[in-house]
Amino acid sequence: MRWDIFCRVIDNHGDLGVCWRLSAELAARGDSVRLWVDDPSALAWMAPPGCPGVDVVHWTADASAATPVPEPGDAIVEAFGCDPHEAFLEALAAKARREGRQPAWINLEYLSAEAYVERCHGLPSPVMSGPARGLTKRFFYPGFTDRTGGLIREREQDKRRAAFDRTAFLAGLGVSSQGEQLVSLFCYEPTALPQLLGHLGAQPEPARLLVTAGRARAAVEAALSTQEAGPCPAITFLPLLTQADYDCL
């Protein structure tokens with residue numbers, strides 16, 4: 001199959017990370033993917049070698065004027081409510097008319113364990129206006145039960161887990177663990193962060209906080225600059241990690 005996956009980067013790398021993981025796993029299973037991204041710059045460190053079968057397309061503001069618009073694939077995924085540009089939707093509608101059926105059009109939503117996910121997964125969302133009027137999207141909700149869309153699980157995961165060397169991985173990050181409790185931190189700017197630092201610093205068992213790059217680091221540095229945190233754990237600020245290395249983390 002040929003997939004078109006659309007992603008708008010909002011913040012903190014999660015949206016692009018999910019879309020890249022989905023694209024790479026589809027390609028690993030023999031499909032081809034066009035990943036449309038409005039800001040693909042993070043892929044330079046997130047997935048530096050790229051992936052055979054995945055074509056990253058810089059989705060610019062003037063993409064609607066692009067000529068020619070590529071033929072839409074067999075399935076279109078708009079991640080987290082981003083709308084494909086009008087020229088692509090016109091091509092999608094033309095393909096549906098020509099073939100007498102529309103390609104699958106999926107609105108990929110966020111992962112949640114809440115009850116509404118089972119109710120909403122798979123529901124149709126008719127398009128009522130614009131160039132794709134008359135076509136239908138379907139909501140896809142990832143989740144943890146057999147009434148949801150499930151989770152992406154790479155076929156190489158078990159092999160990678162079996163080969164994982166914890167000590168070597170930590171050493172590669174400059175972490176010399178002395179048996180402390182290791183806690184990885186990926187976050188936005190939680191208001192309780194100073195209290196968390198104080199809690200980890202005050203507990204009897206020594207702790208080391210492995211802080212991811214970007215907003216998590218900025219939030220921790222801001223918390224440390226106040227007097228609220230009190231005692232703190234040992235802290236290691238991590239570099240930007242490839243997606244494979246973040247899995248190891």
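Modeller: What follows covers the salt bridges, then the nonpolar core and a surface patch.

This is a predicted model, in which local features need pLDDT of at least 70 and side-chain atom pairs count only at pLDDT 80 or more, while totals for chains, interfaces and linings use all residues. Residues are numbered from 1 along each chain as its sequence is written, and side-chain values use heavy atoms, with hydrogens and water left out.

Side chains of opposite charge can pair when their charged atoms come close. A salt bridge here is a side-chain nitrogen of Lys or Arg within 4 Å of a carboxyl oxygen of Asp or Glu. By this rule there are 14 salt bridges.

One of them joins aspartate 247 and arginine 21, at 2.8 Å from N to O. This pair links distant parts of the chain, since aspartate 247 sits in helix α9 (residues 243-248) and arginine 21 in helix α1, 226 residues apart. Helices (H or I, at least four residues) and strands (E, at least two) are DSSP runs, numbered from the N terminus. Aspartate 247 is partly exposed, with a relative accessible area of 35%. Buried means under 20% relative accessible area, exposed over 50%, and partly exposed in between (1.4 Å probe, protein chains only).

Arginine 208 forms another salt bridge, with glutamate 180, and their closest N and O atoms are 3.2 Å apart. Arginine 208 belongs to strand β9 (residues 207-211) and glutamate 180 to the loop between α6 (166-172) and β8 (181-185), so the pair ties together parts that are 28 residues apart in sequence. Both arginine 208 and glutamate 180 are buried. Salt bridges that share partners also join Arg21, Glu154, Arg160 and Asp247 into one network.

Lysine 159 and glutamate 156 pair at 3.3 Å, N to O. Lysine 159 is exposed, at 59% relative accessible area, and glutamate 156 is partly exposed, at 42%.

The largest one has 25 residues, and Trp3, Ile5, Leu16, Trp20, Leu35 and Val54 touch the most other members. Helix α1 gives the most to this core, with seven residues.

On the outside, phenylalanine 144 is exposed, with a relative accessible area of 55%. Phenylalanine 144 lies in the loop between β7 (136-140) and α5 (157-163).

Note on methods: Core = buried A, V, L, I, M, F, W, Y, C linked by side-chain atoms within 4.5 Å.
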